[in-house]
Amino acid sequence: MPQVPQTLDALAVRTWCGLALEALGRAREEIDAINVYPVADGDTGTNLYLTVESAAAAVEAVFAGHGTMTARRALPAERPTLGEAASAMAHGALIGARGNSGTILAQLLRGMAQVLSAEGGTAHTDGRGLRLALRQAADAARQAVAHPVEGTVLTVARAAADAAGGAEGDCGAVAHAAYEGARAALAATPGQLAVLRRAGVVDAGGRGLVAVLAALVESLTGQAPAGAEVPVPRPRGDPAVPPEPCADKEPGDQGPAFEVIYLLEADDDAVARLRERLDALGDSLVVVGGDGLWNVHVHVDDAGAAVEAGVEAGRPHRIRITHFGLGDAHTGAQRPPGERARRAVVAVVPGEGLAGLYTEAGATAVLARPGEPPASGELVQAVRLAHAREVVLLPNDAELRHTAAAAAEQARAEGVRVALIPTRSPVQGIAALAVHEPDRRFDEDVVAMTSAAGATRYAELAVAERQSWTMAGICQTGDILGLIDGDVAVIGSDLTDTARTVLDRMLASGGEMVTLVLGDSAPESIAPHLESHVRDVYLAVDTVVYRGGRQGALLLIGVE
């Protein structure tokens with residue numbers, strides 16, 4: 001019986017994302033260990049994993065959306081088109097890209113999606129379409145890097161595209177040729193980059209791409225290609241002796257001190273000017289994306305200037321600034337990790353203001369933008385950065401409980417004792433953090449923090465985005481919604497009046513402390529008005545006010 005040609009469709013894209021995530025999960029620590037270029041900060045495997053995790057989540061959301069829409073019409077579930085799945089994968093990678101390697105991978109996926117989406121609403125593509133997609137991926141990634149260097153993931157991607165271009169047959173054959181071409185190019189990277197040759201390793205980003213291509217082969221053929229699980233070489237030599245400085249650096253030049261990454265909403269002309277500005281400020285510049293949304297990555301000494309350049313170009317958000325620390329990351333020196341702290345708190349918080357508040361209180365804050373919840377891998381990374389034997393995890397959002405639980409399980413598998421306190425609002429997290437005492441027994445501390453969070457009722461004020469049925473009746477677009485403990489309890493037209501009504505309902509059952517967290521869109525007058533109302537009506541009830549920044553909700557309220 002003749003074999004059915006293997007094609008790439010939306011389901012194959014979904015399977016590819018899942019297999020790639022599994023492969024990077026298995027190889028993450030090994031890839032981290034060989035990360036010596038452009039910065040020896042030991043996070044390439046982790047960054048690739050987090051990037052693919054975001055891409056996979058976006059694809060799952062597209063499939064779930066199709067299922068939901070068809071259910072409303074009482075029709076059989078429909079799959080998204082190939083273009084929809086590929087575009088979702090690329091967009092997810094773009095908004096979740098981490099580090100230099102993750103940013104380049106996001107552009108590789110975007111290049112593929114540009115070709116696969118150009119065919120309109122077709123259900124699948126053949127070997128020719130995949131060849132074109134891999135070529136566009138390699139070209140787009142190279143164009144996104146300000147100063148391409150051979151012996152890196154760019155070289156591996158180009159070799160994959162070249163090998164695919166010479167392959168005949170269906171998608172399975174093309175993908176296998178790309179994988180073999182990438183493997184051969186990866187093996188040659190130490191001969192192209194002196195820092196790899198001295199360390200006795202292949203390029204970490206290229207190794208990650210080979211794992212992703214192996215997953216593509218398996219998603220199309222049902223079989224993992226030979227060599228897909230070959231162990232990654234460890235850096236040779238005495239681990240106590242740091243490798244020599246990178247050949248690209250002058251003697252004594254330790255490179256920029258900060259890695260700056262942010263998403264940017266801007267037009268093409270503004271981004272072109274931004275590239276020039278950032279190229280003058282630092283190195284390792286990669287700008288990926290398009291159609292008004294970009295992911296910017298650069299290493300600089302002046303992190304503030306890099307962010308300001310983004311502000312001048314458009315609207316930057318999801319800003320991440322990492323300090324490499326004493327130049328060790330750029331010289332390749334691996335400082336022995338310090339002794340683990342006894343205990344740490346990791347908390348998810350919306351808004352820069354709350355992130356600062358939690359950080360000042362000693363917690364490791366994971367910033368969550370509205371509509372951009374952190375993935376489990378991001379929480380695991382935060383637990384690792386906390387570098388403690390015991391960690392208390394505060395998700396501060398009911399919808400993040402399962403994500404946080406997955407992160408806690410992963411951290412426990414790595415030997416960290418983790419307690420997940422199911423906080424459903426940042427104000428519950430504030431209450432828990434207020435009673436945190438790292439010197440007492442872990443179980444006692446967790447019980448005290450859980451009790452404080454559970455004794456805190458929470459509310460938020462938001463604007464209705466559309467007409468809808470609620471527990472308090474029908475709301476119209478633009479109405480002010482007062483949600484108490486997650487349910488709409490009050491519908492109003494004025495923010496201050498609605499907030500006062502919500503506060504009265506919460507205090508009707510008693511309370512000793514009111515916490516107000518103002519969003520950046522809340523009027524200045526609301527805080528003093530509510531403080532005065534509490535002081536005049538409720539004796540012996542204290543009020544504390546914080547500014548949360550861009551936290552999504554206009555106002556968060558906690559009553560302890």
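**Reading a strand and a helix pair**

In this predicted model, Leu-516 stands opposite Ile-557 in strand S18.

Reader: Which strand does S18 join through residues 513-519, and in what sense do the two run?

Author: That partner is strand S16 (residues 513-519), which is joined to S18 by five bridges, and the two strands run antiparallel.

Reader: In what sense does strand S11 pair with S18, and over how many bridges?

Author: Strand S11 (residues 457-463) pairs with S18 in the antiparallel sense, over five bridges, and within S11 it is Glu-460 that stands opposite Leu-556 of S18.

Reader: How many residues of S18 are buried, and which way do they point?

Author: Buried means under 20% relative accessible area. Five of the five residues of S18 (residues 555-559) are buried, so this strand is largely enclosed by the rest of the structure. Leu-555, Ile-557 and Val-559 point one way, whereas Leu-556 and Gly-558 point the other way, and all are buried.

Reader: Turning to the helices, at what angle do H10 and H11 pack, and why are they called roughly antiparallel?

Author: Angles over 145 degrees count as roughly antiparallel. Helix H10 (residues 268-281) and helix H11 (residues 303-313) pack at an angle of about 165°, with their axes 9 Å apart, and they are therefore roughly antiparallel to each other. H10 passes H11 in a right-handed crossing.

Terms used
Residues numbered from 1 in each chain as written. Predicted model: local features only at pLDDT ≥ 70, side-chain atom pairs only at ≥ 80, totals over all residues. Heavy atoms only, no water. Axes fitted to C-alpha atoms, helices over the stretch in contact; angles between N-to-C directions. Helix = DSSP H or I, 4+ residues; strand = E, 2+ residues; numbered from the N terminus. Parallel < 35°, antiparallel > 145°, perpendicular 65-115°, else oblique. Left-handed = near helix turned anticlockwise from the far one by under 90°. Buried < 20%, exposed > 50% of the residue type's maximum accessible area, 1.4 Å probe, protein only. Pairing = 2+ DSSP bridges.
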